[in-house]
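Here are my notes from going through this one. Have the model open beside you as you read.

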Amino acid sequence: MTARPTALFQTDSFRDSRPLVVGPDQPESPFPVLLSGSVQRGFGRGGKDLNCPTANLPDEAIEAISSVAQPGVYYGYAQVPDAPSNEVWPMVMSLGWNPFYKNERLTAEIHVMHEYTADFYGMELRAVVLGYIRPELDFTTMEALIETIETDKRVALNSLDREAYKTFATHPHFVLKE
């Protein structure tokens, strides 16, 4: 197991200099990265503390991205094929150690940008990761963490709003029903 690295603290200059669109005009290597796995119970902090419910991937599903990418925040598309709405939605994903909470293991937590009416623990989650938003950061306050997560969501949506990225919403990795 890899030891938890020390994360940089989010600063005002970092926050003020964030672009609203990240990445090239089309995904470049190592993207796209395809992920799938049964949604695991996490710590319950995403929805409760951060207004950002997340679906945690099992450890074995994380290898596909942790072997080619550094801890940080990423964007792409996700789907829960067995959910009542099996549509593909934009997503933002944290790959890391959650330094604000001092986690002791690497996690991949996906926030699907859709209001689900029920949880989907145990259901399969499929994701296509298309780009990198920012490095993993530590925060001095919960408010700063929440503000940064909200910016990450906007950056993900803006970055996906390019033709070369939109096409991945119908990628064969997803279970698309007629």
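Predicted model: local features only at pLDDT ≥ 70, side-chain atom pairs only at ≥ 80, totals over all residues.

1. Everything here is computed from it, and the numbering starts from 1 along each chain.

2. Start with β5, residues 88-96. Is this strand mostly covered or mostly open? Mostly covered: of its nine residues, eight are buried.

3. Next, look at who sits beside β5. On one side of the pairing list is β4 (residues 72-79), antiparallel to β5 and joined to it by eight bridges. If you want a spot to check by eye, find V92 in β5, with Y75 opposite.

4. The other partner to look at is β6, residues 107-112, which also runs antiparallel to β5, with six bridges between them. Here L95 has A108 of β6 as its bridge partner.

5. Now the packing. As a rule, nonpolar side chains in soluble globular proteins tend to be buried together. In this model the largest nonpolar core counts 26 residues, and L35, I65, M93, I110, L125 and V129 have the most contacts inside it. Two or more residues each come from β2 (33-38), α3 (59-66), β4, β5, β6 and β7 (124-135). Which element gives the largest share? That's β5, with four residues.

6. L35 is worth a click. Beyond its neighbours within four places in sequence, L35 touches a list of residues including L57, A61, I65, M93, L125, V129 and H173.

Key:
Heavy atoms only, no water. Buried < 20%, exposed > 50% of the residue type's maximum accessible area, 1.4 Å probe, protein only. Pairing = 2+ DSSP bridges. Core = buried A, V, L, I, M, F, W, Y, C linked by side-chain atoms within 4.5 Å. Contact = heavy atoms within 4.5 Å.
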